[in-house]
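Hi,

Here is the structure I promised to hand over.

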Amino acid sequence: MPQPSPNTMDMNATAVSGTDSATATLPPPESPWRLTARRFGRRLPGVIAAAFLMLLVLLALAAPLIAPQDPYDLAQVTIVENERAPGALSDDGRTTFLLGTDGAGRDMASAILYGLRISLGIGVASALVALAVGTVVGLTAAYFGGKVDAVLMRIVDVQLSLPTILVALVLLAVLGQGVDKTLLALVLVQWATFARNVRGSAMVERNKEYIEAAMGQGLPAHRLMLRHMLPNCMAPLVVTTTNQMANAITLEATMSFLGIGLPQTEPSLGLLISNGFDYVLSHQYWISVFPGLALVLLVVSISVVGDQLRVVLNPKLDT
Amino acid sequence: MALLEVDRLVTEFHTGAGVVRALDNVSFTLERGKVLGIVGESGSGKSVTAFSLMNLLEAPGRIASGSIRFKGEELGAASPTRWSQLRGDRIAMVFQDPMMSLNPVMRIGAQLAETVAIHARASRAQIDEQVCSALRRVGIAAPAERMRAYPHELSGGMRQRVAIANAIINAPDLIIADEPTTALDVTIQGQILYEMKQLVRSSGTALLWITHDISLVKDLADHLCVMYAGRVIEQGPVDQVIGQPRHPYTRGLIDSLPHAASRGKRLYSIPGATPPLLALPPGCAFAPRCSRASAACSVTPQVTVAGAREFRCFHPLDRP
């Protein structure tokens, strides 16, 4: 039961204090994250895409456990079983090559599971690192403004004016192949998008009175930026991050397809497509098509989730 | 030694159209535990005074000269680190619009807890206790429950109470309130004003209350500053300034208040409008609107001291 407040001693205020300061039984406050999750759940396409995406993530994570063979363990792969059609049986009759085998006799289903793991890992990791870098740059530019803002944003402009694929190609041509180098190239072409995005939303927040009020509380700059400005920029940022993950996966696949991304020892989906490309014309479509299909499903499901997030996080679009 | 001594403070804004002098030689003092009211129209420099005192001026605004001494310490020379220590702990501010001055995505309890945690070492339980007690003191019932609310779940009056709780939570020596009741209903205004008075009286905190409504400060303030076009044109103990204004502008402000005797009559208004700060008339800025103005008024009037009162006028009103 609400207790009478010790401050309700002023008699002329009792008439209104009933509505203003008395305890009304409010519904328990809902955090913005839970609210978003609940609103997201109301729309079927995104829910299906999210469920499918989760399935893909689980498959990728569990690849070593569920794949019929380790496609890169030479003891398990025999060249004799190469170019088998989907559904064919292995020579010892114990495994079925559900999606066929490639030119070296690897089980395509296993190769795709392992490839998914690499594609997803690199895409997510590069988007998150770029997110961190871009957020710091964007917040700094918006918070300090003036010359700091001008310098940082011109660097961003230069970065964004160069075609992504070109920057990535040049970088990898110079640096050489490798997971770390591909990651670096992907971060380098993505951070500027995040920086501009964060700076845009943070500038709007910067001019709101609550930031001034927080300054008046004596909060240090880093706390103002990370605890006050950043959470208020989350909505557009979540959407950008999702879209950038899809972009990063596609870009990595493109580079690997062109043979400059990942080395043959770390085959992502793009590399699998590339490896099977020679066989497409001789009617062994499965070596290229199935990894391609996996890539499309992955990117499309991420995009659908991102699209729905954009709608859900913007009350003006969520009708 | 007074708690706050402001001496010939000049704040300027360097804009493309020229230098705007938003504060022109503003001086006043505020004693511990007292309430100083600053009254003026829009553009008279009230808010700029508050922001100058808090060192929250943003470019292109800057303090050009003058001194602000807080407990004997010259704040003009204070480092950003020193400011972080002072703000929210020794000097706190309450803003005009409670819809805007709270972070929309943080629970109010977390916002108040932050103010405590940033300035003192305390355990989670101690902080929660302090937040609860601050909310209770501003008249919020069931504070333990309310702590978990987001600002949008509260009414305007409640939010302003939260903002005030945030200001008093570290028991500061000085609270600067920039029109804290302007955005509220008249009834809530009365409550907030009353509670503010109680809080200040009981805690010994000094209060700088900025408003455009002279009737709001007459029961609250001990001392009153009237500002016009960036200058303090009259100041003194509140009952003297309101009872016997010496500056014609103060007289005009008081005459334009509605009261019981003026029922049914046309309300007085000062002729003309506040001059733009970029094109101030030479001398007394009020002269073009003043019925007592003469040729002498084209020179800036210096401060005349008469007992506890000060005013800037060549033709002051006589004692009635």
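In chain B, B:Ile38 stands opposite B:Ile210 of strand β8(B). Before going on, some housekeeping: this is a predicted model, where local features need pLDDT of at least 70 and side-chain atom pairs count only at pLDDT 80 or more, while totals for chains, interfaces and linings use all residues. Residues are numbered from 1 along each chain as its sequence is written, and chains are lettered from A and ligands numbered from 1 in the order in which they are written.

Helices (H or I, at least four residues) and strands (E, at least two) are DSSP runs, numbered from the N terminus. Two strands pair if DSSP finds at least two bridges between them.

Strand β3 (residues 35-39) of chain B pairs with β8(B) in the parallel sense, over five bridges. Strand β7 (residues 174-178) of chain B also runs parallel to β8(B), joined by five bridges, and there B:Leu174 stands opposite B:Ala206.

The open sheet has eight strands in the order β6-β7-β8-β3-β9-β10-β12-β11 (chain B), with mixed pairing. At its edges stand β6 (91-94) and β11 (304-306) of chain B, and because each has a single partner strand, one side of each is left without a neighbour in the sheet. On average, neighbouring strands of this sheet are turned by 20 degrees against each other, direction ignored. (Axes are lines fitted to C-alpha atoms, for helices over the stretch in contact, and angles run from 0 to 180 degrees between N-to-C directions.)

At the β11(B) end, three bridges join that strand to β12 (residues 309-311) of chain B, and the two run antiparallel. The partner of B:Thr304 in β12(B) is B:Phe311. Helix α10 (residues 248-255) of chain B lies across β9 (223-228) and β10 (231-237) of chain B, at about 105 degrees to β9(B).

**The four-stranded sheet**

Chain B has an open sheet of four strands too, in the order β2-β1-β4-β5, with antiparallel pairing. Its edge strands are β2 (18-30) and β5 (73-74) of chain B, each pairing on one side only. Nine bridges join β1 (residues 4-15) of chain B to β2(B), which run antiparallel. These two strands form a hairpin with two residues between them. B:Thr15 stands opposite B:Gly18, and B:Thr11 has B:Leu23 as its bridge partner in β2(B). Helix α1 (residues 46-53) of chain B packs on the sheet, touching β1, β2 and β4 (61-70) of chain B, and its direction makes about 75 degrees with that of β2(B).

**Domains of chain B**

By an automatic or database domain assignment, chain B is divided into domain 1 (4-90 + 175-259 + 268-311) and domain 2 (100-171). Their C-alpha centres lie 29 Å apart. In this chain, 12 residues of domain 1 are in contact with 14 residues of domain 2 (contact means C-beta atoms, placed from the backbone, within 7 Å). Which element gives the largest share of the domain 1 side? That is helix α7 (residues 186-203) of chain B, with six residues.

Helix α6 (residues 156-168) of chain B has 13 residues and reaches 18 Å from its first C-alpha to its last, close to the 18 Å expected at 1.5 Å a residue (the expected span is 1.5 Å times one less than the number of residues). α6(B) is mostly covered, with 12 of its 13 residues buried, among them B:Met158, B:Arg159 and B:Arg161.

**Chain A, briefly**

Chain A has 13 helices and two strands, and 42% of its 319 residues count as buried. Among its contacts between residues at least 6 apart in sequence, 68% join residues at least 24 apart. The 12 residues of helix α7 (residues 164-175) of chain A should span 16 Å at 1.5 Å a residue, and its end C-alpha atoms are 16 Å apart, which agrees. A:Gly176 follows α7(A), with a positive phi near 95 degrees.

Cheers

Note on methods
Contact = placed C-beta atoms within 7 Å. Buried ≥ 20, exposed ≤ 12 C-beta atoms within 10 Å, placed from the backbone.
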